[in-house]
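This report describes a protein structure for a reader who is new to the subject. Please look at the sequence and the model before reading on.

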Amino acid sequence: MRNAIKLIDGAVIGVVGGGPAGSFFSHFILKQARKRGVPIKVCILDGKDFLITGPRGCNLCAGVVSEPLCNLLEEEEIVVPERCIQKRISGYYIHTEQSSFKLLNIHGRKEITTVYRGNGPRNIESKGVISFDDYMVQHVLNEGAEIIRARVREVKRIPGSGKFLITYGEKDARSEIVVDLLVAATGLNTNFLNVLTQLGFGYHPPKSLICCLSEIPVDNLDNEYLSEFIHTFFLRIPSVKLAAIIPKQGYLTVSMITRKDSCRENLEQFLAHPIVENLVSESSLPLSPACFCHSRMSIGPAKKPFADRLVVVGDAGMTRYYKNGLDSAFLTAKMAASTAFDRGISNDDFKEGFYKPGMALIANDNRFGSILFGLDSRLSRWRGFNSAKARLAQRQQSQIGIATQEILWNMLTGNQSYRQIFKQVFSPKMMLGILAEWVKTLLGMTTKP
Ligand SMILES: Cc1cc2nc3c(=O)[nH]c(=O)nc-3n(C[C@H](O)[C@H](O)[C@H](O)COP(=O)(O)OP(=O)(O)OC[C@H]3O[C@@H](n4cnc5c(N)ncnc54)[C@H](O)[C@@H]3O)c2cc1C
């Protein structure tokens with residue numbers, strides 16, 4: 001039997017990356033340590049300054065904080081301050097070539113919020129400190145974590161003790177720290193994943209897509225249609241798979257997943273589409289991005305995100321398919337921190353306490369998500385399918401209408417597991433309902449929704 005490896009008094013934990021996964025991990029490990037009366041040192045290493053505007057200070061995300069995450073944060077008494085909240089969202093609009101329709105929160109709440117991960121788009125007029133990631137780092141600093149504002153360059157396992165030596169800083173000012181536990185929370189937009197791979201414990205980064213994000217300044221966000229709703233688009237633009245417009249104060253964030261790695265022309269094609277042009281023309285400024293970036297989105301779990309004294313959380317480990325990356329950062333961080341104290345920090349501890357439950361909760365569930373998104377994308381190319389879906393969702397009073405709204409709501413918000421949504425979609429009632437509506441649409445037996 002292998003020796004147990006435990007966190008003992010005075011243990012040093014190095015958290016590489018101060019994005020949400022790194023901050024959430026620090027929050028949970030410090031909470032566990034306080035509860036058990038074990039003094040530990042948590043040291044976050046990140047070279048990014050979240051108070052810089054534009055992509056350099058941002059962790060490149062659309063900034064939608066889901067309803068489940070809002071609730072989880074509340075349970076942890078993490079109260080995101082008003083200054084960081086850009087908008088509270090009433091619901092979604094779904095736009096297809098044939099129709100546009102509204103989905104309101106079925107529970108009538110407004111708990112989805114939007115935030116900036118950094119301190120806003122490039123050249124934003126100063127609004128003080130509005131960065132969500134900065135707020136989270138400050139929160140864990142207040143709880144006792146420390147931060148080294150530097151990029152990690154190298155990591156080596158120390159022979160004998162099995163601890164890690166982390167080298168950080170610029171070429172002419174390198175420093176080192178020895179840690180009992182290394183937590184990789186670097187996301188996907190980094191070459192640190194090569195450093196992890198080269199450690200040779202079997203890690204392989206998640207498969208990912210390059211997506212694009214852009215901030216469009218607008219000067220008329222008084223109308224509720226633009227300012228309180230997230231607009232999602234399922235349009236026949238060959239290069240664009242999914243796109244969303246997310247309201248912020250004075251800006252609209254465009255977030256796009258494209259069929260191949262995305263680029264600026266895809267954004268131009270999207271903005272030039274008549275449905276998009278029409279929507280955004282409500283705001284009187286010309287459509288010109290103030291900020292543009294590429295960012296990686298994970299579409300599969302990493303291979304072996306754990307080893308003795310090492311665990312990989314957040315995007316670099318595993319995350320939910322196409323959505324709720326912040327929620328996945330929270331959940332993986334919590335599982336890793338609980339394992340470290342409940343079981344220990346060996347390879348086998350992380351395998352049992354972190355990897356297996358994480359795969360069950362996130363990665364295995366993603367298989368259902370990938371089938372649902374794939375099927376919808378294929379069927380949407382068939383004549384009448386989108387119209388039939390829209391008609392069903394607009395039957396407010398019928399059971400099938402409510403079920404369709406629920407399915408669409410959960411697909412967009414991530415409020416339910418994909419497995420649960422899959423079951424709802426493939427229930428005989430739903431299948432018959434959509435088929436009947438589709439046939440009616442094709443035979444022209446319906447009035448316009
Ligand atoms: C286009 C797009 C839109 C998205 N929109 C949403 C959304 O609306 N809502 C949502 O919940 N999720 C969204 N996501 C997913 C979300 O962005 C991620 O899931 C989330 O940021 C993951 O958090 P993380 O902490 O794992 O990584 P990150 O947020 O990427 O943070 C990693 C941190 O590690 C630091 N780092 C990297 N390398 C090093 C190094 N060598 N040394 C020190 N520090 C390092 C970085 O500076 C960074 O601060 C979106 C993703 C994409 C691509």
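The model is predicted; local features need pLDDT of at least 70, side-chain atom pairs count only at pLDDT 80 or more, and totals for chains, interfaces and linings use all residues. Residues are numbered from 1 along each chain as its sequence is written.

**Domains**

The protein chain is divided into domain 1 (11–47 + 149–207 + 299–366), domain 2 (81–125 + 210–298) and domain 3 (382–442). These bounds come from an automatic or database domain assignment. Taken over C-alpha atoms, the centres of domain 1 and domain 3 are 39 Å apart. Six residues of domain 1 are in contact with four residues of domain 3, where contact means that the C-beta atoms of two residues, placed from the backbone, lie within 7 Å. The side of domain 1 that touches domain 3 has no nonpolar, two polar and four charged residues. In this classification Ala, Val, Leu, Ile, Met, Phe, Trp, Tyr, Cys and Pro are nonpolar, Asp, Glu, Lys and Arg are charged, and the others, Gly among them, are polar.

**Around the ligand**

There are 38 residues around the ligand, and Gly17, Gly19, Gly187, Gly314 and Gly325 come nearest. A residue is near a molecule or strand if its C-beta atom, placed from the backbone, lies within 6 Å of it. By class, the shell has 16 nonpolar, 17 polar and five charged residues. Domain 1 and domain 2 each give at least three residues to the shell. Helix 1 (20–36), strand 13 (208–217), strand 17 (291–298) and helix 8 (325–342) each supply at least two. Helices (H or I, at least four residues) and strands (E, at least two) are DSSP runs, numbered from the N terminus.

**Helix 1 and helix 8**

Two packed helices are described by the angle between their axes and the distance between the axes. The axes of helix 1 and helix 8 come within 8 Å and cross at roughly 30 degrees. Axes are lines fitted to C-alpha atoms, for helices over the stretch in contact, and angles run from 0 to 180 degrees between N-to-C directions. Residues making the contact include Phe24, Phe25 and Phe28 of helix 1 and Leu326, Ala329 and Phe330 of helix 8. The contact has 14 nonpolar, three polar and two charged residues.

**Single residues**

A residue is buried if 20 or more other C-beta atoms lie within 10 Å of its own, exposed if 12 or fewer, and partly exposed in between, with C-beta atoms placed from the backbone.

| Residue | Other C-beta atoms within 10 Å | Class |
|---|---|---|
| Ala302 | 25 | buried |
| Arg309 | 25 | buried |
| Asn324 | 21 | buried |
| Gly91 | 18 | partly exposed |

Ala302 lies in the loop between strand 17 and strand 18 (306–307). Not counting residues up to four places away in sequence, Ala302 touches Tyr203, His204, Pro205, Pro206, Val312, Ala316, Gly317 and Met318.

Arg309 is in the loop between strand 18 and strand 19 (310–312). Arg309 is not a glycine, yet has a positive phi of about 60 degrees. Asn324, in the loop between strand 19 and helix 8, also has a positive phi, near 50 degrees.

Gly91 is found in strand 5 (residues 91–96). The C-alpha atoms of Gly91 and Lys102 are 7.3 Å apart, although 11 residues separate them along the chain. Lys102 is one of the residues that Gly91 touches, not counting those up to four places away in sequence.
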